[in-house]
Amino acid sequence: MPIFFKYTVIRNLLTLSFLSLILFTVVGCATNPVTGQSQFMLVSEEHEIQMGKELYPNALWGAEGGGGEFKDDRTKAYLKNIVSNIHRTSHRPNLPIDFAIQNSSVPNAWAIPGHVVITRGLLAGLDNEAEFAFVMGHEMGHVSARHSASQMSLSILHQALLAGAGIALAGSDYSDAALSLGAIGSSLLLLKYSRDDELEADGLGVQYMTKLGYNPRNAVSAHMNLEKVSNEYLKSLGKGTQERGFFEDLLSTHPRTSVRVEEIQAIINRTPQPPLKGDGANKQQFQTIIAGLKKVNNTYSSYYDKAVIALKNKNLDEAMIQISKAITIDQTQAPFYSLSGFIMLKKKSPENAEKYFNYALRLDNNYQPAIRGMGAIRYAKGNYAESIQYLKKSIALFPEDMNAHYFLGMSYFKTSAYKTAANHLKLFADTHPKHPSIHGVLGLCYENINDPNSARKEYAAQLSVAPNSDMGKRASTRLQAIGVKATK
């Protein structure tokens, strides 16, 4: 081994070791609230709560079907009371907690510090209050045991080690690639728990529901019903759709198998069981409360979801037929009118699209997709001031809506606010690197704020993506103008 190479390897290892030592020394270990044992932890409770605040709106609008919050005050108040009881029974009752029903047909539930959520699709498939208590207890168990915080700690360590590698490899071709790997998977952090984490959360779910007087046997039926509604949802999507592939990936991280049911039964058998509260299930009241939601959910699954698939498949007439049926049945759902608006946009009928978006916003003035739709229409009409107003509100509700960032960035670009435009357009470009013109527009932004190095990179990216387009030709001209000869 050459002496120089040997020295470089030793230096890199020392850099990584020193970085690891700093991380372990600064934060070290914490006591797990559930087990009482010491565990590696780089995330404080304060950071957990802050993480929850930042993730929540993006998860509610963007993850697992999105949809925002399903508006049903009576049902929410009833279920929130159950959640509050579980929270008081949990291992971390000091944390803030809020509850929401996500307006999504995807059957799922999730929790992050400060928030616990169940989708409309899963709630409609549960049989009784005890099943709901188990599902919520399971998800809140992940927070109690700090599963997400533990994964975040490992992610931080991983990125820090890569940063150390980046420092040690500074100047090499591998530096940027190594650093970029640190962020991969961070957005899916909350969806991927290990089998041991899932089993521990099952145990906590059983423990919490049992303490509140629910019959723990309903933990088994909750799993069975989740499997049932999941299969029904997959069947409604049809084979080969993008949604099916995504949802099967989701289920693979939350296994619902006969083996899992056997494990839950074993947990029940060894869990002390105090006297039941009533019949231990409270099915009648539960079904009475969610009856309206189940009716609305049926309209979503029968027509709205099919309209969404048809729109994604560019079958606009079929999409309009399906969503019109949904509106005929129920005129209270903002998503029905908003989806109609997007279908009209695809049909190149902005006037009709605007009517639908306005109707959606009369039903729910914070329905984010309709707000973004209005912003896009205002942009297309050249009314950039109003476009900016709509799109800023849209992003306030859903910070990671990249389409909203695109139209907001383009609105700022059209009004010569180049620095602000670049901030939004860069976010879009990072997630849509093959967009046919975004890199050229970014190059123009950077040129106008006297950042020629960034401009060169974006113009080069534009030539890589679409060299023969109008924007590609403009990028070639600008590259030559700022002193770099374009290569084909």
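Predicted model: local features only at pLDDT ≥ 70, side-chain atom pairs only at ≥ 80, totals over all residues.
# Salt bridges, cores and a hairpin

D98 has a relative accessible area of 28%, so this residue counts as partly exposed, a value that falls in between the limits of under 20% for buried and over 50% for exposed. The side chain of D98 meets that of K80 in a salt bridge, with 3.3 Å from N to O. Because K80 belongs to helix 3 and D98 to strand 3 (residues 98-102), this pair ties together parts that are 18 residues apart in sequence. K80, for its part, is partly exposed, with a relative accessibility of 33%.

Side chains of opposite charge can pair when their charged atoms come close. In this model the count comes to twelve salt bridges. In one of them, the side chains of D364 and K71 meet at 3.3 Å, N to O. D364 sits in the loop between helix 15 (350-363) and helix 16 (368-380), while K71 sits in the loop between helix 2 (45-62) and helix 3 (73-89), so the bridge ties together parts of the chain that are 293 residues apart in sequence. Are the two partners buried or exposed? D364 has a relative accessibility of 15% and therefore counts as buried, whereas K71, with a relative accessible area of 51%, is exposed.

A further salt bridge joins the side chains of D317 and K347, here with 2.8 Å from N to O. This pair also links distant parts of the chain, since D317 lies in helix 13 (residues 316-329) and K347 in the loop between helix 14 (334-346) and helix 15, 30 residues apart. D317 is exposed, with a relative accessible area of 54%, and K347 counts as partly exposed at a relative accessibility of 33%. Elsewhere, salt bridges that share partners bring E354, R378, K381 and E386 into one network.

The next stop is a hairpin. Strand 4 (residues 109-112) and strand 5 (residues 115-119) pair in the antiparallel sense over four bridges, and within that pairing the bridge partner of W110 is V117 in strand 5. Two residues lie between the strands of this hairpin, where G114 takes a positive phi near 100°. In a regular strand the side chains alternate between the two faces of the sheet. In strand 4 both faces are covered: A109 and A111 on one side are buried, and so are W110 and I112 on the other.

In soluble globular proteins, nonpolar side chains tend to be buried together. The largest nonpolar core of this model has 75 residues, and those with the most contacts inside it are I118, F132 and M136. Helix 12 (residues 283-312) gives the most to this core, contributing ten residues. Beyond residues up to four places away in sequence, M136 touches V83, I86, F99, A109, V116, V117 and I118. There is also a second, separate core of 29 residues, which includes I388, C445, L463 and I482.

Among the buried residues of helix 9 are N218, V220, H223, L226, V229, Y233 and L237. Just after the helix, G238 takes a positive phi of about 85°.

Another glycine, G341, is found within helix 14, and with a relative accessibility of 0% it counts as buried. What does G341 contact, leaving aside its neighbours within four places in sequence? G341 is in contact with A353, Y356 and F357. The C-alpha atoms of G341 and F357 are separated by 5.6 Å, although these residues are 16 places apart along the chain.

Aromatic rings complete the tour. A pair of aromatic rings is described by the distance of the centres and the angle of the planes. The structure holds 13 aromatic pairs.

Technical notes
Residues numbered from 1 in each chain as written. Heavy atoms only, no water. Buried < 20%, exposed > 50% of the residue type's maximum accessible area, 1.4 Å probe, protein only. Pairing = 2+ DSSP bridges. Salt bridge = Lys/Arg side-chain N within 4 Å of Asp/Glu carboxyl O. Core = buried A, V, L, I, M, F, W, Y, C linked by side-chain atoms within 4.5 Å. Contact = heavy atoms within 4.5 Å. Phe/Tyr/Trp six-rings, centres within 6.5 Å; stacked < 30°, edge-to-face > 60°.
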